[in-house]
Amino acid sequence: MSVAARGERGRVSVGSARWTQALATLLALALLAATVEIVLDGASGNPPLIPASPHIADWLVGIGERLTDRILLTALLVATVAYGGLLALGWRARESPISKRRAIALIAALHIVVFAGPILLSTDVFSYIAYARMGVEHGLNPYLHGPDAIASDPIFRYVGSDWRRVATAYGPLYTLLSYPLAPLGVTGALWGMKVVALLASAGTLVLTWRCARARSLDPVWAILVVGANPLYVIFGVGGAHNDLLMMLAMMGAVALMIAARPTPGREATAAAVVVAGALVKATVAALLPFMIVARRSMAPILGALAALAAGAVIAYAAFGLHGVDVVSALNRDAAFVSTDSFATELAHLFGKPGVFPIDHDLLKAALVLIILYLMWRTWRGYDWVAASGWTLLAISVTSTWLLAWYILWPLPLAVVCRDRRLLGATLAIQALYVIHQTPPLLAPVR
Amino acid sequence: MSRSTTPADERFSWLPTWLRPRDEELSGSGRTRLIETTVLLLVGLILAIATIYDVSRVSRVNHRLSIDLATWRAYTGHDYRNLTVDQELFGASSQHEVVCGNTSPGAVRARVQLCLVIYGPVVGGRRTVHGGWYLPPHHEDREAVRYGCFGPAAEGLCTE
């Protein structure tokens, strides 16, 4: 090749890189702008989409207009397209299309914007506070009573109407962790929950970075995929969901297993961290069988058993037998049906009005088969992190009760695993979830 | 990479080769991966079809409901916003809706309510009212409290 031709190709490559950088920056700004729009409009005029809440974002009132279905969905679509565009620019090389500094700045800005605003699109955080206040302020066992047992408490009016009679389904470790926030009052506890969610998200991203580096992947790409994800930011951090704490434990365990040379101590600790995560929210226990099958040593089994025993003793001491019986709470929740679940969509596609009891059994059977297949694959050398991620994705897809923050579970695993298909599948499921929210945009304007 | 020399594998050396655990997958023909990818694509396609179908179904229902609300307002001459719609009385898939609203200004259900049974094709942005009944204030639509039934669609739906 002549020197002139090489110089020409070099100029084209530099020019193309500049265009990519410029486009990526524009997409990042669009993603940030859409998130700001949701937060500012969510703070204005008691919009119906934003749960009634103590006035924690009053200083933002008046800047935006009232958040309607149309504004929310348009902003969510803009954010999703911008995020998808950003990922498309780096997909082939699995490298961030923007610099490390810009990626961190974008993720930090998204988190700060959402942290400063009102609670977005879910009343779950008020249930967390209600359960904490039941235990600390009223001496009631949140595993035996629903928030309606404290109807005179100031938090009660903010609890979602569907959950007022429902005892907590969260793990005893989470319930105990939430107790110190109860005496802070409703507003103080709410800010406490927001801080916990923010720190859990930051911790998850740091651990994702470490895991990606340990597997020779671009850590900037990894945190960009997770930390700039619109569902993660708007629903996860925006709703201050405890799923973020569960994901922190999940990535802590993965980091212990892959970020350094494995030792029996590390493996036992990793398994114990998974159990701790499961005592926050049980779903993360799905990692344990894959961890054990991949290592084929006693250390993770012993670590898990020790943590489980300690957790059971603490839970029993604090809440009695009901605090230990997580299975019955999970069975109760597994019977719920939401309109956004793929099971409901498939039922409609096949001409049924909704999900029937037999469908629950078929979905559970399908999930068991998927898990058994993934365990067999892991036994034969498949990446256990990927197998865990597929399992979390399968749990959310086969669940009849699907919420936006459930399809976040596999995301950090998808960016650090060795099977690229998991990230594609997770993002595709998230895209379908967003598309399913769009009917109000298609309704005639009144 | 094979871990055939490590103690972990020696513990399972009694198993046939195809059953023995591995630390990393064999780089084979990629058949398993191809089958998995095909299954994943098929599942993804079915979920995508189900999602698009559901979006279209919900959009059609929303569109029909907005026409039914407009029909109630046109029929009564009241431009009230707080109307309730029942899709279940005649069956969720029947496309027969019951729209109820106050007969004079007030909060939801605060006045005597007029319920209209609306179904049929959309003509000029409206559907046809095939009957209806009245409800006393502060009552939800139950057979025991209905009165003044009129029209063929309301036959047998009032207790009186």
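This is a predicted model: local features need pLDDT of at least 70, side-chain atom pairs count only at pLDDT 80 or more; totals for chains, interfaces and linings use all residues.
Residues are numbered from 1 along each chain as its sequence is written, chains are lettered from A and ligands numbered from 1 in the order in which they are written, and side-chain values use heavy atoms, without hydrogens and water.

**View 1. The disulfide of Cys100(B) and Cys115(B).** The two sulfur atoms lie 2.1 Å apart, and the link is right-handed, with 110° about the S-S bond. The pair joins distant parts of the chain, 15 residues apart: Cys100(B) belongs to strand S2 (residues 97-102) and Cys115(B) to strand S3 (residues 113-123) of chain B. Strands are DSSP runs (E, at least two residues), numbered from the N terminus. Cys100(B) is buried at 6% relative accessible area, as is Cys115(B) at 0%; buried means under 20%, exposed over 50% and partly exposed in between (1.4 Å probe, protein chains only).

**View 2. The disulfide of Cys149(B) and Cys158(B).** Here the sulfur atoms are 1.7 Å apart, and 85° about the S-S bond makes the link right-handed. Cys149(B) is partly exposed, at 27%, whereas Cys158(B) is buried, at 12%. Counting bonded cysteines along chain B, the disulfide pattern is 1-2, 3-4.

**View 3. Cys211(A), a cysteine in no disulfide.** The nearest cysteine sulfur, that of Cys417(A), is 11 Å away. Cys211(A) is buried, with 0% relative accessibility. Cys417(A) is likewise in no disulfide and is buried at 1%.

Conventions
A disulfide is a pair of cysteine sulfur atoms within 2.5 Å. Helices (H or I, at least four residues) and strands (E, at least two) are DSSP runs, numbered from the N terminus.
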